[in-house]
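Here is a friendly walk through one protein model. Please keep the sequence and the 3D view open while you read.

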Amino acid sequence: MKRKHFLGSLLGSPLLTKATMLPDYNQKSTDADDAVWRIPPYLKPGDTIGITCPAGFMTLEEIQPALTLMKCWGLNMRIGMTVG
């Protein structure tokens with residue numbers, strides 16, 4: 001299957017429409033479609049984020065511009081062992 005056709009087949013996928021939302025599992029529901037969906041809060045200054053490279057190799061020098069930008073935004077960062 002060609003990549004163009006594969007990606008096009010995913011556009012209508014329910015996985016892509018709810019990928020950024022989290023289900024509220026505290027609500028008692030027997031059906032996954034009945035679960036209440038909530039959007040996680042935005043990042044704010046002082047929040048800590050983790051930086052990893054699970055899909056490929058990147059050096060610390062390559063991600064330094066992104067780290068500098070996030071530091072300007074007031075975010076704290078933890079660099080994973082997969083970087084570098």
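## The kinked helix

Helix α3 has a kink of about 30° centred on A66, where the bend at a residue is the angle between axes fitted to the seven residues ending there and the seven starting there. Helices here are DSSP runs of H or I with at least four residues, strands are runs of E with at least two, and both are numbered from the N terminus. This is a predicted model, in which local features need pLDDT of at least 70 and side-chain atom pairs count only at pLDDT 80 or more, while totals for chains, interfaces and linings use all residues. Residues are numbered from 1 along each chain as its sequence is written, and side-chain values use heavy atoms, with hydrogens and water left out.

How far apart are the end C-alpha atoms of α3? They are 18 Å apart, which agrees with the 18 Å that the 13 residues (60-72) should span at 1.5 Å a residue; the expected span is 1.5 Å times one less than the number of residues. Just after α3, G74 takes a positive phi of about 90°.

The buried residues of α3 are I63, L67 and M70. Buried means under 20% relative accessible area, exposed over 50%, and partly exposed in between, using a 1.4 Å probe and protein chains only. An α-helix has 3.6 residues a turn, so residues three or four places apart point the same way. Strands β3 (48-51) and β4 (76-79) are among what covers the buried residues of α3, with contact meaning heavy atoms within 4.5 Å.

K71 also belongs to α3, but K71 is exposed, with a relative accessible area of 58%. Its C-alpha atom lies 9.7 Å from that of G46, 25 residues away along the chain.

## The core and its strands

The largest nonpolar core has eight residues: I49, I51, C53, I63, L67, M70, L75 and V83. Such a core is a set of buried Ala, Val, Leu, Ile, Met, Phe, Trp, Tyr and Cys residues joined through side-chain atoms within 4.5 Å. Both β3 and α3 supply at least two residues of this core, and the largest share, three residues, comes from α3.

Beyond its neighbours within four places in sequence, I51 is in contact with I63, L67, M70, R78, I79, G80 and V83. M77 sits in strand β4 and counts as partly exposed, at 21% relative accessibility. The C-alpha atoms of M77 and I51 are 7.0 Å apart, although the two residues are separated by 26 places in sequence.

## Cysteines

Is C53 buried or exposed? C53 is buried, with a relative accessible area of 10%, whereas C72 is exposed, at 64%. A search of the whole structure finds zero disulfides, counted as pairs of cysteine sulfur atoms within 2.5 Å.

## The whole chain

Three helices and four strands make up the elements of the protein chain, arranged along the sequence as α-α-β-β-β-α-β. Of its 84 residues, 14% are buried. Among contacts between residues at least 6 apart in sequence, 49% join residues at least 24 apart.

The accessible surface of the chain comes to about 7,400 Å², and carbon and sulfur atoms account for 62% of it. Accessible areas come from the Shrake-Rupley method with a 1.4 Å probe, and for residues only the protein chains shown count as cover.
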